[in-house]
Amino acid sequence: MINSVSAKVKVDPKDAKVSMAHFYVAFIALALGGLMGLLQVLVRSGKFELPLGIGYYEILTTHGVLMGLILTTFFIMGFQYAAVSKTAGTHSNAARRAGWIGFWLMTIGTLMAAAMILTNKASVLYTFYAPLQAHWIFYLGLTLVVVGSWVDGAAQIMTYAKWRKNNPGKPSPLLSFMAVINTVMWIVATLGVASTVLFQLLPWSLGLVDRVDVLVSRTLFWYFGHPLVYFWLLPAYMAWYVVIPKVIGGKIFSDSLARLTFILFLLFSVPVGFHHQLMEPGIDPAWKFIQVILTFMVVIPSLMTAFSLFATFERYGRSKGAKGLFGWFKVLPWNDARFTVPFIGMVAFIPAGAGGIVNASNQMDQVVHNTIWVTGHFHLTVATAVLLTFLGVSYWLVPHLTGRKLTKSMNKLAIIQGWVWFIGMTFMSVAMHLEGLLGGPRRSSFSTYGNSQQALDWIPYQIAQAVGGSILFIGIILFLIIFINLAFFAPKGEEEFPVGEAENLEEKAPLVFENWKLWLGITAVLILFAYTVPFIDIIQNAPIGSKGFKTW
Ligand code: HAS
């Protein structure tokens, strides 16, 4: 029998404080990053210029770092910390200390990186590609964010390990298992970015070495960069698999299928970074091809997730008497923000995932690479599917942690917030995809490129992006109003932490799923297989390296 978690168990108030601290930083990042996003779309419309000599690439870097790296990492660590506390038991004092140390390391790192970006010493965008060279404090700050997240992750692993020790022979609670898989994947992935920062970018920015090997640093970045996107996605999947079934009054389709999905992500998330470098010279095409095949392997767990979610919705619908192929759709609880907001995210993930499959296909990537199509892709994935799920989670988790209630009026506002996001993102992301197909570049400020006809053709799409981006900014303001209400002003009360049960309670998840030596062993083999030969190749044929550039 699988373990069911009592709905009555509340996250311990001391653990709740750790999670809430993470959420404050996450949502300050959302507010500032969102404002930068608004400024960007306005500049790119060609109708607005930044005041006071502020550079476009400075705000673009602020936006990317705050939204892509800070908001996500802080929210995920806060959410997973609470999820493990709820399902595997209150964290020990040592684990809680680790949670706080991790939090403070990440916060200090964030402040260091932010100070450098805001003083225009690090306008290197969120991918900080060499040979663009930032101030060393920027790299050190990001290192602290990563190290802090390891310490934070260690807290979750400690509590999970304690649960397993106390419950030999039993599969661990599903939500805790998922959180730990994501943390382990994150640790494996961040080894890549830690290597390039510590061994290449820091010594180079400190002036200890003169030149940097650009291809090595980009390869190490993308070794990290692709699992990074699954590090964002898996907490959303945790909510889709485990929380949403409970919210709608249904069941998890299969506990074992959910666990297998997460294991497949652990195995296949890392050895695929070359699909971000398909157009990069200096990497043998045979190895790109192999990593593209592995990329298509990592699509499978998402297809399994789609299957499982449809099954949950359909079975719930049938239990309510729904008929026909899509009858279940009507009986879903549309008036419940905890469901509707993440559901909008799920729907967005269908075209988002299809776009990802286009990107991963070499010939098609030649059309879209470095165009704003890619920006459209990741605003549907991380900025809609993932973010709306995180906001949907906040609508119950924040009041659960602060001992307050999501009132009817806030629930209504939250649903409006979800739809506002949907409308804004439809404008912005569709326009980005279309402009990308017409060759509109990403990572670039407004220009008519000497009034060339092609660039003039992009302008209507850029205006549509400005309209969409402005609507999205309203969506952020609505969220912040709700968050502040739930954190400080909503009436005191109890809000449920919904944890679903599997449909078949007799189904026992195979214990092999928790054989970490096996899964980490296969992960290591796959990584070594995909990277060893091309990496040796890259190093053996390395050019003399590049000096640093500051183009801003
Ligand atoms: Fe991606 C670029 C390929 C998923 C994020 N991606 C990016 C970048 C970001 C990003 C940030 O191969 C830009 C990086 C940069 O700055 O350069 N991506 C993929 C593939 C997938 C994928 C194959 N990406 C994501 C996710 C992200 C993300 C997830 C963030 C969270 N991506 C690429 C490639 C590039 C790339 C290339 C480089 C492009 C270039 O040229 O630079 C797959 O994992 C997608 C699989 C997804 C599915 C969808 C399953 C659908 C589900 C929803 C079910 C819905 C239900 C509701 C049940 C197969 C689970 C139903 C209701 C109804 C009413 C119908």
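Helices in this report are DSSP runs of at least four residues, numbered from the N terminus. The structure described is a predicted model.

## Aromatic pairs

Within helix H6, Tyr237 and Tyr241 lie four residues apart, which means that about one helical turn separates them. Both residues count as buried: this holds for Tyr237 and for Tyr241. The count of aromatic pairs comes to 52. Phe313 is buried, as is Phe339. The geometry of these two pairs is set out below.

One aromatic cluster contains Phe23, Tyr24, Phe27, Phe75, Phe79, Phe390, Tyr395, Phe479, Phe483, Phe488 and Phe489.

## The ligand and its surroundings

The ligand contains an iron atom, for which NE2 of His377 is the only protein donor, at 2.2 Å. His377 is part of helix H12, which covers residues 372–402. There are 37 residues around the ligand, and those that come nearest are Tyr230, Asp365, His369, His377 and Arg442.

Asp365 places a polar side-chain atom 2.5 Å from an oxygen atom of the ligand. For His369, a polar side-chain atom lies 2.6 Å from an oxygen atom of the ligand. The backbone takes part at Ala360, where an N or O atom lies 3.1 Å from an oxygen atom of the ligand.

Four helices each supply at least two residues of the shell around the ligand: H6 (214–248), H8 (285–319), H10 (337–359) and H12. Of the shell residues, nine come from H10, which gives the most. By residue class, the shell divides into 24 nonpolar, 10 polar and three charged residues.

## Gln200 in helix H5

Gln200 is located in helix H5, which spans residues 174–205. Its relative accessibility is 12%, and Gln200 therefore counts as buried. A polar atom of the Gln200 side chain lies 3.2 Å from the backbone oxygen of Asp213. Leaving aside residues up to four places away in sequence, Gln200 touches Ser195, Val212, Asp213, Val216, Ser217 and Leu220.

## Backbone features in the loops

The loop between helix H3 (93–118) and helix H4 (136–166) contains Pro131. The peptide bond that leads from Ala130 to Pro131 is cis, and its omega is near 10°.

Another loop connects helix H13 (408–437) with helix H14 (453–489), and Tyr449 lies in it. Although Tyr449 is not a glycine, its phi is positive, at about 45°. The relative accessibility of Tyr449 is 42%, so the residue counts as partly exposed. Asn451 is also found in the loop between H13 and H14. Its phi is positive as well, at about 55°, although Asn451 is not a glycine. With a relative accessibility of 55%, Asn451 counts as exposed, because the threshold for that class is over 50%.

Lys492 is situated in the loop between H14 and helix H15 (516–540). Its relative accessibility of 61% is the reason why Lys492 counts as exposed. Not counting residues up to four places away in sequence, Lys492 touches Thr402, Gly403, Arg404 and Lys405. The C-alpha atoms of Lys492 and Arg318 are separated by 36 Å, and these residues are 174 places apart along the chain.

Methods:
Residues are numbered from 1 along each chain as its sequence is written. This is a predicted model: local features need pLDDT of at least 70, side-chain atom pairs count only at pLDDT 80 or more; totals for chains, interfaces and linings use all residues. Side-chain values use heavy atoms; hydrogens and water are left out. Buried means under 20% relative accessible area, exposed over 50%, partly exposed in between (1.4 Å probe, protein chains only). A polar contact is a pair of N or O atoms within 3.5 Å; within protein, one must be able to donate a hydrogen and the other to accept it, and residues adjacent in sequence count only if both atoms are side-chain atoms. Contact means heavy atoms within 4.5 Å. Donors are N, O and S atoms within 2.8 Å of the metal (3.2 Å for Na, K and Ca); water is not among the atoms, so sites may look incomplete. A residue is near a molecule or strand if one of its heavy atoms lies within 4 Å of it. Ala, Val, Leu, Ile, Met, Phe, Trp, Tyr, Cys and Pro count as nonpolar, Asp, Glu, Lys and Arg as charged, and the others, Gly among them, as polar. Rings of Phe, Tyr and Trp (its six-membered ring) pair if their centres lie within 6.5 Å; planes under 30 degrees apart count as stacked, over 60 as edge-to-face and the rest as tilted.
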